[in-house]
Amino acid sequence: MKRFAGWTLSTPATLLVVVFLILPVLATIVTTFATAAGPFAPYLGFFGSGFRRTVLWRTIQVSLATTAISVIIGFLTAYVVSRSPGWLKSILIIAAVFPLLTGVVVRSFAWLIILGKNGILNSALLSTGLIAEPLSMLYTQGAVITAMVYLFVPLMVLTLVGVLEAIPDDLLQASASLGARPSATFMQVILPLAVPGLIVGAVLVFTGSFTAYATPQLLGGEAQMVMGTLMYQQAMVTFDWVSASTIAAIMVVITIAIVLLMTRVARRLNPMAT
Amino acid sequence: MTRSIHPVLIALTVLVFIFLVGPLVIVLGAALSDTSYLTFPPQGLSLRWFENIFEIEAFRRTIVTSLEIAFLSTGIALVVGVPAAYALNRYRIQLPGWLSTLFILPVLVPELVLGFSLLKNVATQFHAPIFVSLVLGHSLLVLPYVVRVISASLAAFDFSIEEAAISLGSPRLKTFFTILLPNVRSGVIAAFILAFITSINDVSISIFLTGPGISTLPIQILAHMEQFFDPTVASVSVLLMGLTVAVMAAVERTLGLTFFAK
């Protein structure tokens, strides 16, 4: 009876996910193996095209750079936030939540104003005389990475503040009382305990960057095409749905593989796990 | 006990927070500028770009569409998500572990892939109206938030209270509405507002499910930006930031903002 009630109550949500997420996404993937040209033709086409390989490689580069920078900045900032006095901590958390809840279009648009040809950074540099002509900063890999780091640092900071606050104070006091310098405590106690949280955060940032659309579209444009923008272009501009489905399948496989692999790694590396 | 933090780390943190908040301050300044181009610091103060939003029919229409979709999808996610979260907590032992993974699946599947798949295999194949597909896509997008937030508040709920009511003769459904829901009220409110803002801000699902006649606000902002580079987009952005402030105030009152650092 109880088993029955549990299933009944979870059925509507299960149906929603199965019928409108799992089945449509599987159908998208299946069509790439059922083309007239043979089961693997779309994939041979994808990896046989130099342009598409470049796009995939660029996406990986941008995502790795975004992840590395966000992890380092996020971890150091979260450390300071977690050790701040109560009132300051609240302000800093508010300052991190605010951009997090502000949409991706607004946040990317802000960088469009900053990095544009007549943008704020260029006018500031021109007025100080550091440069004679405006720099072309938009539509570069740097612009995309900067805006993506901007997108993901709040997420990283908030994830890691939670992780760092969960480290018992006793451990740090024990470390100090046994004679460890603050830097040694940081490297040998705090960092290893934060590794699982760092991995979870890094996975969120990597998969988010790998499948991003709005930010690379606005700040990278055609010149910096990535998997997300290429998929949109194939689906909605050239209407090549087999090609778009192939890109979708590659994104799904890479995303899920990374999530599964890294959660396993995180579990193994957790020094608190027994 | 206070631990000293290296001054270099403090300086870095200050820079990081300038980096986080600065760009949004710039958007606010640009929105208030009295110029016909985007600039910061603002030259002259004016609210005319805010008025301009409502003079453009496409913005008026997409604001309404975005609100409709956010209300409907959040409503659907709550109607299916609250019982699911309840079942996951109440019948934890009887239900298989993969069931909770199923409800966070929308987070694992890239949004672009979901949007495209809904266009290809639901809207096109079964001639489902685009609006319906948009609502379904957004319901899936926000379902994980609903299940997670409600589960978090149910974890603190003592189910023996519910059993006491039932053993005293209260019908199950009545118990749900009079005992359980009031106890997780703040969780439901927080789930609602988080889901709502997530839906309002979505680009990656909506981008495939809009076209002539139907669009959402973020997609309209992207379309406007391609043609004009005037402060209208900055003022729409400020409106959205205002919504963020309202959401944060509401979350602070229900779950507390430390919820985000968990």
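R90(B) is buried, at 12% relative accessibility; buried means under 20% relative accessible area, exposed over 50% and partly exposed in between, with a 1.4 Å probe and protein chains only. This is a predicted model, in which local features need pLDDT of at least 70 and side-chain atom pairs count only at pLDDT 80 or more, while totals for chains, interfaces and linings use all residues. Residues are numbered from 1 along each chain as its sequence is written, chains are lettered from A and ligands numbered from 1 in the order in which they are written, and side-chain values use heavy atoms, with hydrogens and water left out.

Stay with R90(B). Its side chain meets that of E162(B) in a salt bridge, 3.4 Å from N to O. The term covers a side-chain nitrogen of Lys or Arg within 4 Å of a carboxyl oxygen of Asp or Glu. This pair links distant parts of the chain: R90(B) is in helix α3 of chain B, E162(B) in helix α7 (residues 159-167), 72 residues apart. Helices here are DSSP runs of H or I, at least four residues long, and strands are runs of E, at least two, numbered from the N terminus. E162(B) is buried, with a relative accessible area of 2%. A network of salt bridges links R90(B), E162(B) and E163(B).

Helix α3 of chain B (residues 57-90) holds another pair, R61(B) and E57(B), four residues apart, about one turn of the helix. Their side chains form a salt bridge at 3.4 Å, N to O. Both are partly exposed: R61(B) has a relative accessible area of 32%, and E57(B) has 44%.

Now turn to chain A. E165(A) and K89(A) meet in a salt bridge of 2.5 Å, N to O. E165(A) lies in helix α7 (residues 141-165) and K89(A) in helix α4 (residues 86-101), so the pair links parts of chain A that are distant, 76 residues apart. E165(A) is partly exposed at 38%, whereas K89(A) is buried at 19%. Over all chains the count is five salt bridges.

How many salt bridges cross the interface of chain A and chain B? The rule finds zero. Six residue pairs are in polar contact between the chains, both residues at pLDDT 80 or more. Such a contact is a pair of N or O atoms within 3.5 Å; within protein, one must be able to donate a hydrogen and the other to accept it, and residues adjacent in sequence count only if both atoms are side-chain atoms. The side of chain A that touches chain B has 58 nonpolar, 16 polar and five charged residues. Helix α1 of chain A (residues 2-31) gives the largest share of that side, 20 residues.

In total, 79 residues of chain A are in contact (heavy atoms within 4.5 Å) with 78 residues of chain B. The two chains bury about 7,200 Å² between them, 84% of it on carbon and sulfur atoms. Buried area is the accessible area (1.4 Å probe) that two parts lose on being put together, summed over both. In chain A, F98(A), L101(A) and F109(A) lose the most area to chain B, together 9% of what that side buries.

The structure holds 22 aromatic pairs over all chains. Rings of Phe, Tyr and Trp (its six-membered ring) pair if their centres lie within 6.5 Å; planes under 30 degrees apart count as stacked, over 60 as edge-to-face and the rest as tilted. F192(B) and F196(B) are stacked because their centres are 5.9 Å apart and their planes at 20 degrees. F196(B) is buried at 8%, and F192(B) is partly exposed at 26%. Y86(B), Y91(B), F157(B), F159(B), F176(B) and F177(B) form one aromatic cluster.

For the residue classes used above, Ala, Val, Leu, Ile, Met, Phe, Trp, Tyr, Cys and Pro count as nonpolar, Asp, Glu, Lys and Arg as charged, and the others, Gly among them, as polar.
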